[in-house]
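Have the sequence and the model open as you read.

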Amino acid sequence: LSLSACPTALNAPIDGETQLAIFDGSPEAVALIDFLNASSTTFEVLDDEVPLNRRTAENLIPWRDGPDGTRYTSDDQSFQTVADADEVRWVGPAALDALATYL
């Protein structure tokens, strides 16, 4: 996955509020969502290779894999939008920037 046209920051403050600067449907957003939903994206990948804050990685994978912690079972969820990822506890501008840089 490549984000050659990725902005330097995914979030830009506007009037004191953080707005996502990566737009759903853009190549960058599609790559991000595909990466987070991929079974090859594990805690170790997020924690060691991206690298994300450990707490961020600890929350993204369980959100995706559901309460049973097993991928591809009935309790799984898929990230559909960048906002879905941003709503996961400990995910924010720094995590999204790290993911974009990694991709």
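Let's begin with a charged pair that you can pick out in this predicted model. Arg-54 is partly exposed, with a relative accessible area of 47%, because that value falls between the 20% and 50% cut-offs. The side chain of Arg-54 meets that of Asp-47 in a salt bridge, at 3.2 Å from N to O. Asp-47 has a relative accessible area of 15% and is buried. In general, side chains of opposite charge can pair when their charged atoms come close.

A search of the whole structure finds five salt bridges. Among them are these:

| Salt bridge | N to O distance |
|---|---|
| Arg-54 and Asp-47 | 3.2 Å |
| Asp-65 and Arg-64 | 2.8 Å |
| Arg-71 and Asp-76 | 3.6 Å |

Now for the burial of the other two pairs. Asp-65 counts as buried at 7% relative accessibility, and Arg-71 and Asp-76 are both buried as well. Arg-64 is buried too, at 2% relative accessibility. Salt bridges with shared partners join Arg-64, Asp-65, Arg-71 and Asp-76 into one network.

Thr-41 itself sits in the loop between α1 (27-37) and α2 (43-49). With a relative accessible area of 1%, Thr-41 is buried, because buried means under 20%.

Technical notes:
Residues numbered from 1 in each chain as written. Predicted model: local features only at pLDDT ≥ 70, side-chain atom pairs only at ≥ 80, totals over all residues. Heavy atoms only, no water. Helix = DSSP H or I, 4+ residues; strand = E, 2+ residues; numbered from the N terminus. Buried < 20%, exposed > 50% of the residue type's maximum accessible area, 1.4 Å probe, protein only. Salt bridge = Lys/Arg side-chain N within 4 Å of Asp/Glu carboxyl O.
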